[in-house]
Amino acid sequence: MFDSKADLFFEDPRHHRSPPGNYGVLHLLRRDIYRCFDWNLSEKAEQKRDPILWPGGMAILAGIDLLAKFHEGDDAIGCVGQRFRDFVGRYFQPLCAKDEETIYQLRNSLLHSFGLYSRTKTTEYRFVLSASREQLVQQISVGNYQVDLVTLFERFEGSVQRYGVDLNADAELQTNFCRMFSKYGSIRIG
């Protein structure tokens with residue numbers, strides 16, 4: 001990566017280090033997401049468990065928020081939705097029309113209400129979650145959507161990789177990254 005801070009932030013979630021030390025927030029978040037989805041984090045074959053989808057989905061949506069802050073170099077409160085939608089629109093392709101908004105509304109429903117309902121001034125969203133590697137977002141009927149969390153996980157991981165490539169090549173993105181890193185980039189675990 002372009003900077004050792006970025007190396008810490010983007011550290012492979014399968015890499016395990018024991019505390020004490022500094023840890024990249026994205027690394028820790030992705031490590032927990034991998035555990036929720038029961039992706040293999042070690043060389044050892046472990047007994048297969050049922051995935052823990054609900055908190056895994058919440059962590060992915062929080063991860064998108066985190067990456068969107070770094071991408072924009074901005075953490076202004078009034079810009080959360082636009083930042084989130086812009087990041088999804090850029091790094092989660094292919095998407096259907098309005099998927100950015102639907103995923104943002106899923107974020108709002110899970111992270112703010114711990115539920116599967118969200119609304120704007122004009123639209124209600126009700127969600128069903130699946131985990132079968134289907135289409136990311138499917139509109140079931142007016143106001144009702146199915147979101148596949150395994151596909152969301154795969155798109156999130158792809159977005160991390162694509163954003164990392166863009167970050168290494170773009171001086172403006174590097175400036176944005178450094179602006180956010182001191183606030184949100186790492187934590188010390190002692």
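Where does proline 20 lie? Proline 20 is found in the loop between α1 (4-9) and β1 (21-24). I begin with this residue as a way into the backbone of the structure shown above. Please keep in mind throughout that this is a predicted model.

The peptide bond that leads from proline 19 to proline 20 is cis, with omega near 5 degrees. Proline 94 sits in the loop between α4 (80-91) and α5 (99-113). These bonds deserve a remark because most peptide bonds are trans, just as most residues other than glycine have a negative phi.

That brings me to phi. Lysine 98 is not a glycine, yet its phi is positive, at about 75 degrees. Lysine 98 belongs to the loop between α4 and α5, and proline 94 is in the loop between α4 and α5 as well. With a relative accessible area of 67%, lysine 98 is exposed. Arginine 133 is another residue other than glycine with a positive phi, near 60 degrees. Arginine 133 lies in the loop between β3 (124-130) and β4 (137-141), and its relative accessible area of 54% makes it exposed.

I return now to the loop between α1 and β1, which also holds glutamate 11. Is glutamate 11 buried or exposed? Glutamate 11 counts as buried, because its relative accessibility is 12% and the cut-off for buried is under 20%. Not counting residues up to four places away in sequence, glutamate 11 touches Arg17, His27 and Arg30.

Let us turn to the sheet. It is an open sheet of four strands, in the order β2-β3-β5-β4, and its pairing is mixed. Which strands stand at the edges? They are β2 (117-119) and β4; each has a single partner strand, so one side of each is left without a neighbour in the sheet. On average, and with direction ignored, neighbouring strands of this sheet are turned by 30 degrees against each other.

Within the sheet, β4 pairs with β5 (residues 144-148) in the antiparallel sense, over four bridges. Valine 137 has valine 147 in β5 as its bridge partner, and serine 141 stands opposite asparagine 144 in β5. The hairpin of β4 and β5 has two residues between the strands, and in this hairpin glycine 143 takes a positive phi near 80 degrees.

Helix α6 (residues 149-169) lies across β3 and β5, and runs at about 60 degrees to β5.

My last topic is the packing of α3 and α7. Two packed helices are described by the angle between their axes and the distance between the axes. Here, helix α3 (residues 53-72) and α7 pack at an angle of about 130 degrees, with their axes 6 Å apart. The two helices α3 and α7 are therefore oblique to each other. From α3, the contact involves Leu66, Lys69, Phe70, His71 and Glu72. From α7, the residues are Leu173, Asn176, Phe177, Arg179, Met180, Phe181 and Tyr184. Taken by type, the residues of the contact of α3 with α7 are seven nonpolar, two polar and three charged.

Tyrosine 184 lies in helix α7 (residues 171-184), and at 25% relative accessibility it counts as partly exposed. Which residues is tyrosine 184 in contact with, leaving aside its neighbours within four places in sequence? They are Phe9, Val25, Leu66, Lys69, Phe70 and Asp75. Among them, Leu66, Lys69 and Phe70 belong to the α3 side of the helix contact. With aspartate 75, the side chain of tyrosine 184 makes a polar contact, side chain to side chain, at 2.7 Å. As for arginine 14, it is 170 residues apart from tyrosine 184 along the chain, and the C-alpha atoms of the two are separated by 21 Å.

To close, I would direct your attention to two places in the model above. Thank you.

Note on methods
Residues are numbered from 1 along each chain as its sequence is written. This is a predicted model: local features need pLDDT of at least 70, side-chain atom pairs count only at pLDDT 80 or more; totals for chains, interfaces and linings use all residues. Side-chain values use heavy atoms; hydrogens and water are left out. Buried means under 20% relative accessible area, exposed over 50%, partly exposed in between (1.4 Å probe, protein chains only). Contact means heavy atoms within 4.5 Å. A polar contact is a pair of N or O atoms within 3.5 Å; within protein, one must be able to donate a hydrogen and the other to accept it, and residues adjacent in sequence count only if both atoms are side-chain atoms. Axes are lines fitted to C-alpha atoms, for helices over the stretch in contact, and angles run from 0 to 180 degrees between N-to-C directions. Angles under 35 degrees count as roughly parallel, over 145 as roughly antiparallel, 65 to 115 as roughly perpendicular and the rest as oblique. Ala, Val, Leu, Ile, Met, Phe, Trp, Tyr, Cys and Pro count as nonpolar, Asp, Glu, Lys and Arg as charged, and the others, Gly among them, as polar. Two strands pair if DSSP finds at least two bridges between them.
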